[in-house]
Amino acid sequence: LNKKILDLAKKYEEYVISMRRTFHKYPELSGVEFKTRELLIKELESMNIPYRLLSGTGIIATIEGKNPGKNVLLRADIDALPVLEEKNNLKQEKLCVSEIDGVCHACGHDAHMAILLGAIKVLKEIQNELSGTVYCCFEEGEETNCGIETMMEALNEYYIDKCFGL
């Protein structure tokens with residue numbers, strides 16, 4: 001199974017890169033990640049992944065394995081910072097820059113979302129071999145803490161054995 005997971009990760013590498021660049025180009029500040037959430041919903045629906053919308057912009061997606069087992073939570077944050085991104089790095093022009101003036105994913109949340117979507121694609125493909133349930137949380141407003149209470153309140157309804165966050 002480990003080799004299969006690594007092969008699937010390689011299969012979805014370009015997808016993850018593409019999603020990261022899309023999120024990077026269109027960042028949104030804490031609590032107003034509406035277009036980001038729309039894109040996440042579109043991706044989850046294209047993968048036929050059930051999800052729960054939280055008040056605000058947070059999402060909890062669920063991948064149930066075929067066999068009983070532990071419940072694992074994977075978490076990514078979705079907001080950006082009020083930072084003007086330079087179009088050049090120290091060496092050259094950047095391949096991908098924010099198209100929203102004064103807002104950018106300077107903390108890596110664009111990559112966090114893309115990685116979690118890639119993980120969801122892999123988990124979906126091995127769903128019949130999966131034991132337990134994986135909850136995939138996209139948390140709004142990490143930079144200002146405006147989304148944590150909503151996420152924690154929602155997660156009170158789930159039994160979680162382990163949690164991993166990006």
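Leaving aside neighbours within four places in sequence, I115 is in contact (heavy atoms within 4.5 Å) with V16 and L166. The structure is a predicted model, in which local features need pLDDT of at least 70 and side-chain atom pairs count only at pLDDT 80 or more, while totals for chains, interfaces and linings use all residues. Residues are numbered from 1 along each chain as its sequence is written, and side-chain values use heavy atoms, with hydrogens and water left out.

I115 lies in helix α4, residues 109-125. Helices (H or I, at least four residues) and strands (E, at least two) are DSSP runs, numbered from the N terminus. V97, by comparison, is found in the loop between β3 and α4. Buried means under 20% relative accessible area, exposed over 50%, and partly exposed in between, with a 1.4 Å probe and protein chains only. The table sets out the two residues.

| Residue | Relative accessible area | C-alpha separation |
|---|---|---|
| I115 | 42%, partly exposed | 6.1 Å to V16, 99 residues apart along the chain |
| V97 | 18%, buried | 9.7 Å to T22, 75 residues apart in sequence |

Apart from neighbours within four places in sequence, V97 is in contact with H24, K25, E85, E86 and K87.

Helix α4 also packs with helix α3 (residues 34-46), at an angle of about 15° and with the axes 11 Å apart. Axes are lines fitted to C-alpha atoms, for helices over the stretch in contact, and angles run from 0 to 180 degrees between N-to-C directions. α3 and α4 are therefore roughly parallel to each other, a term for angles under 35 degrees. The contact is made by T36, L40, E43 and L44 of α3 together with M113, L117 and I120 of α4. Five of these residues are nonpolar, one is polar and one is charged; Ala, Val, Leu, Ile, Met, Phe, Trp, Tyr, Cys and Pro count as nonpolar, Asp, Glu, Lys and Arg as charged, and the others, Gly among them, as polar.

In helix α5 (residues 148-155), the buried residues are M151, A154 and L155. They cover an arc of only 95° around the axis, which puts them on the same side of α5; the arc is that of the directions from the helix axis to the C-beta atoms. An α-helix has 3.6 residues a turn, so residues three or four places apart point the same way. The exposed residues E149 and E153 are carried on the face of α5 turned away from its buried side. The cover over the buried residues of α5 includes β1 (51-53), β2 (59-64), β3 (67-77) and β4 (131-139).

Note on methods
Parallel < 35°, antiparallel > 145°, perpendicular 65-115°, else oblique.
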